Amino acid sequence: MTLYQDLWAQLPIPGLMIGLNDSILDVNMAAEQFLGVSSKMVLGHHVWNFLRGEDLLSAGINRARAIGQPIVITDVFAHGRNTEPLPCAAHVCPLGGAEPYILVLIIPHDTLGNSGNGTAPISAAHSAIGMAEMLAHEIKNPLAGITGAAQFLSMSLPPEEHEMTDLIVEESKRIVALLDQVEQFGDVTPPNYAEVNVHDVLDQASRSATFGFAGNIKITKNYDPSLPNVRVDSNQMVQVFLNLIKNACEALGEEGEILVRTFYDPSLRLVMPDSNRQRMPLHVDITDNGPGLPEAISKHVFDPFVSSKLNGKGLGLALVSKIVAQHNAWVSVISRPGQTTFRISLPVKIRK
Ligand SMILES: Nc1ncnc2c1ncn2[C@@H]1O[C@H](COP(=O)(O)OP(=O)(O)OP(=O)(O)O)[C@@H](O)[C@H]1O
Ligand SMILES: [Mg+2]
């Protein structure tokens, strides 16, 4: 057995190799288990006799074959003939070569890791934030008193002795800024929706970033000008993109590049709680060439108060997650050293 055959056999993710006419050329051990059949039973047979996964899966395979590009279907219920449907992601990759093979990897959501993250962190966020919000409110009043007292004290001290009182005032300001952010997170005013061009929103965010914290960093734009308008609260979406660009800048440090790309891909649909499938075809990718998500926290970056930064509050992505969920949109991240992409996928009503 070659190394690759060994790898294929041991891969803990169900994998199927599909040939022309959707016949099964190979399945690995995880796929045998997932489908509840042995490889001998399925080889050479039509894949849809064994793999069930709504029209979405077959449409994904056809599309990947047609465009010759890999496709990720983030949400599909897949199962074998006699196994329970499981919410999964499916990666469909056409493999180059004389024969147009398609590799299908089925990844049940409980093994998905950090590549999808929409509404799940929100409930955890709500309980933690509810408490933090209450605390924020209670701390701000006495803090104002402490700051005022320090300022009053400094008036009776010679300038060379202001160091301590200045420190009290500065640190208090920092705490107030943190509390403001917590309160902003707890803000429950509903989004003020309007039809906007997502590129205007992105331009506004990148302009603020360039004049603010991103002076040294090159922000390249690759927009699809044919995108239809989206219905969003543009102030909130500016906040989303600003947070993502800010994180990218902080990951890059002194030098690096950020690419802001927009494109249309109708293959992503989400199953909503009312079991309606919502199309989410308009995508915004914010990619940086920094070191990638720190491994220790990579699965929790959307949770509040998770941060790897010295002065980080860990609220940026929690806020992104909250706003995105309110918009019935989707945020996901794919990260490796040298390339981290946060993707916002937005619903649109009609393709113009
Ligand atoms: N583009 C990125 N590259 C590498 N790591 C990132 C990136 N974006 C986020 N992270 C990681 O995710 C963590 C959480 O991000 P988040 O924006 O929620 O908080 P923060 O940036 O640490 O603090 P805050 O945004 O509240 O000031 C970061 O501390 C960082 O470790
Ligand atoms: Mg941040």
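How many helices and strands does the protein have? It has 9 helices and 14 strands. The model is predicted. Of its 352 residues, 32% count as buried. Take the contacts between residues at least 6 apart in sequence: 62% of them join residues at least 24 apart.

**Around the ligand**

Ligand 1 is surrounded by 23 residues. The closest are Asn 247, Ala 251, Ser 307, Gly 312 and Gly 316. Two elements give two or more residues to this shell, α8 (234-252) and α9 (316-326). The largest share, 4 residues, comes from α8. By class, the shell around ligand 1 holds 10 nonpolar, 10 polar and 3 charged residues.

**Helix α9**

Helix α9 is largely enclosed by the rest of the structure, because 9 of its 11 residues are buried. The buried residues are Gly 316, Leu 317, Ala 318, Leu 319, Val 320, Ser 321, Lys 322, Ile 323 and Val 324. Just after α9, Asn 328 takes a positive phi of about 55 degrees.

**Helix α7 against helix α8**

Helix α8 also meets α7 (residues 198-211). The two axes come within 9 Å and cross at roughly 50 degrees. An angle of 65 to 115 degrees would count as roughly perpendicular, and one under 35 degrees as roughly parallel. The pair is therefore oblique. The crossing of α7 past α8 is right-handed. By class, their contact has 9 nonpolar, 4 polar and 1 charged residues.

| Helix | Residues in the contact |
|---|---|
| α7 | Val 201, Leu 202, Gln 204, Ala 205, Ser 206, Ser 208, Ala 209 |
| α8 | Ser 234, Met 237, Val 238, Phe 241, Leu 242, Ile 245, Lys 246 |

An α-helix has 3.6 residues a turn, so residues three or four places apart point the same way.

**Leu 178**

Is Leu 178 buried or partly exposed? It counts as partly exposed, because it has 16 C-beta neighbours inside 10 Å. A buried residue would need 20 or more. Leu 178 is found in helix α6 (residues 163-186). Leu 178 and Lys 313 are 135 residues apart in sequence. In space, their C-alpha atoms are 7.4 Å apart.

Notes: Residues numbered from 1 in each chain as written. Chains lettered and ligands numbered in written order. Predicted model: local features only at pLDDT ≥ 70, side-chain atom pairs only at ≥ 80, totals over all residues. Near = placed C-beta within 6 Å. Nonpolar A, V, L, I, M, F, W, Y, C, P; charged D, E, K, R; others polar. Buried ≥ 20, exposed ≤ 12 C-beta atoms within 10 Å, placed from the backbone. Contact = placed C-beta atoms within 7 Å. Axes fitted to C-alpha atoms, helices over the stretch in contact; angles between N-to-C directions. Parallel < 35°, antiparallel > 145°, perpendicular 65-115°, else oblique. Left-handed = near helix turned anticlockwise from the far one by under 90°.
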